[in-house]
Number of protein chains: 2
Amino acid sequence: MEIKVLKNILSVNEQIAQKNRGLLDKNNIFTINIMSSPGAGKTSLILQTIKRLKDKTRIGVIEGDVSSSVDAETVGKEGVPVIQINTGGGCHLDANMVNNALSNLPLPDIDLLFIENVGNLICPASFALGDHKRVIVSSIPEGHDKPLKYPLMFHEANIVLLNKIDLLPYVAFDMKAFSQAIRNINEKLEIIPISCTTGQGIETWVSWLVAQMRKKNST
Amino acid sequence: MEIKVLKNILSVNEQIAQKNRGLLDKNNIFTINIMSSPGAGKTSLILQTIKRLKDKTRIGVIEGDVSSSVDAETVGKEGVPVIQINTGGGCHLDANMVNNALSNLPLPDIDLLFIENVGNLICPASFALGDHKRVIVSSIPEGHDKPLKYPLMFHEANIVLLNKIDLLPYVAFDMKAFSQAIRNINEKLEIIPISCTTGQGIETWVSWLVAQMRKKNST
């Protein structure tokens, strides 16, 4: 009797994520999945980036939240296409939610797409969406021990933006311990300190982003 | 043919939570489930409370984290019994984890037990542990829109501690919008502004806690 061995079985989520990736690539849309704790500054980062890039790059945004549409309303004021996903209790975006959102966006008019994931340092790291790069926003008031406590998300990220650096004088935050904890998880992971309030570091982030887009488009 | 109708079926988690509650009540242990975003100040709150109450009340602590034992080590320095639960990827504590922790604590020597849940504003709200009261720690740098975006957790809480009030001069936080959003979810939910750094509001919190303990013990 022949035994059938099934290899490389993809989860349904992974299958839809690959479909999303195909759709994004077909439309030349460079896509960033932004993940963080609640209130670390994902929306502020998107707003700052739109301000600096919107004259050169056509940007679109998918906002993910358990409830409400406040983020989509805020981003919408910048005049970019935006879709709000409400997970209705779900603790992360999944590929199918993003697939639905993509079918509601003017894809031929977008070069750069931000997917703002649900504020959660755990579950979003386990669900592929079809994006090209994963950004984690960590923030000074959350403390330097976050990589120790939530290692998977830092392991999966392509870059760490350490936001609210303007609050450094007012809270106990050990920069060396934070960097070391990240090095222990992923030695090559770059950390860019930023402040979406003062603008510090935003140019460095935008340069990284533009370089990644060019690299992708030249392949 | 008679149709069998099953009513009031409890989930396995709910069943174990009730068992935990029984065990806690039998031992006269008043138990608090502390929930928040990552880095909002749950451990700092426990430390501040231990400092103020440890001469009068025998305290125990269960620390919940995806990974690491840094919080249990910090709390253990205060000389109270502490158990660290690592969920190994799980985004919340469940009743069975707490049941295991309880069997490793000296229950006859504890009057007040803190369960520090995993840092996550979503999933912990859906899992009963057997505790008597649920505390949500929100913090100023997270922003005033958290109740809008994560309504279930605020709906399930018995009190809101608004931590890091010392950072109010340095960030944009609309206190009126925060209070109003909470009122819309749960009109009677009390908000106590605190700072675990300066000690502001901690006495008010401890008074609330002691009053709740007395109320429980007098029933």
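Contact here means that the C-beta atoms of two residues, placed from the backbone, lie within 7 Å.

Before you click further, note that this is a predicted model, in which local features need pLDDT of at least 70 and side-chain atom pairs count only at pLDDT 80 or more, while totals for chains, interfaces and linings use all residues. Residues are numbered from 1 along each chain as its sequence is written, and chains are lettered from A and ligands numbered from 1 in the order in which they are written.

**Stop 1: the two chains together**

Show both chains and select the residues where they meet. You will have 29 residues of chain B in contact with 29 residues of chain A. On the chain B side, the elements that give two or more residues are helix H5 (146-149) and helix H6 (151-156). H5(B) gives the most to this side, with three residues. Helices (H or I, at least four residues) and strands (E, at least two) are DSSP runs, numbered from the N terminus.

Now colour that side of chain B by class: it has 14 nonpolar, nine polar and six charged residues. For this colouring, Ala, Val, Leu, Ile, Met, Phe, Trp, Tyr, Cys and Pro count as nonpolar, Asp, Glu, Lys and Arg as charged, and the others, Gly among them, as polar.

**Stop 2: chain A as a whole**

Chain A has eight helices and seven strands. Its radius of gyration is 18 Å, close to the 17 Å that the globule rule gives for 219 residues, so chain A is as compact as a globular protein of that length. That radius is taken over C-alpha atoms, and the rule is 2.2 Å times the number of residues to the power 0.38. Along its principal axes, the C-alpha trace of chain A spans about 65 × 45 × 40 Å.

Of the 219 residues of chain A, 46% count as buried. A residue is buried if 20 or more other C-beta atoms lie within 10 Å of its own, exposed if 12 or fewer, and partly exposed in between, with C-beta atoms placed from the backbone.

**Stop 3: strand E2 of chain A**

Select residues 59-65 of chain A. Seven of the seven residues of this strand, E2, are buried, so E2(A) is largely enclosed by the rest of the structure. On one side you find A:Ile59, A:Val61, A:Glu63 and A:Asp65, and on the other A:Gly60, A:Ile62 and A:Gly64, all buried.

E2(A) runs parallel to strand E4 (residues 112-116) of chain A, with five bridges joining them; A:Glu63 has A:Glu116 as its bridge partner in E4(A). E2(A) also pairs in the parallel sense with strand E3 (residues 82-86) of chain A, over five bridges. There, A:Gly64 is partnered by A:Ile85 of E3(A).

**Stop 4: the nonpolar core**

Show both chains again. The largest nonpolar core has 116 residues, and those with the most contacts inside it are A:Val98, A:Ile115, B:Val98 and B:Ile115. Such a core is a set of buried Ala, Val, Leu, Ile, Met, Phe, Trp, Tyr and Cys residues joined through C-beta atoms within 7 Å.

Centre on B:Val98. Leaving aside its neighbours within four places in sequence, B:Val98 is in contact with B:Asn20, B:Ile62, B:Leu93, B:Ile115, B:Leu129 and B:Gly130.

**Stop 5**

Four of the five residues of E6(B) are buried, so E6(B) is largely enclosed by the rest of the structure. Strand E5 (residues 133-139) of chain B pairs with E6(B) in the parallel sense over five bridges, and B:Ser139 has B:Asn163 as its bridge partner in E6(B). Four bridges join E6(B) to strand E7 (residues 190-193) of chain B, also parallel.

Then pick B:Lys164, in the loop between strand E6 (159-163) and helix H7 (175-185) of chain B. B:Lys164 has a positive phi of about 65° although it is not a glycine. With 29 C-beta neighbours inside 10 Å, B:Lys164 counts as buried.

Notes
Two strands pair if DSSP finds at least two bridges between them.
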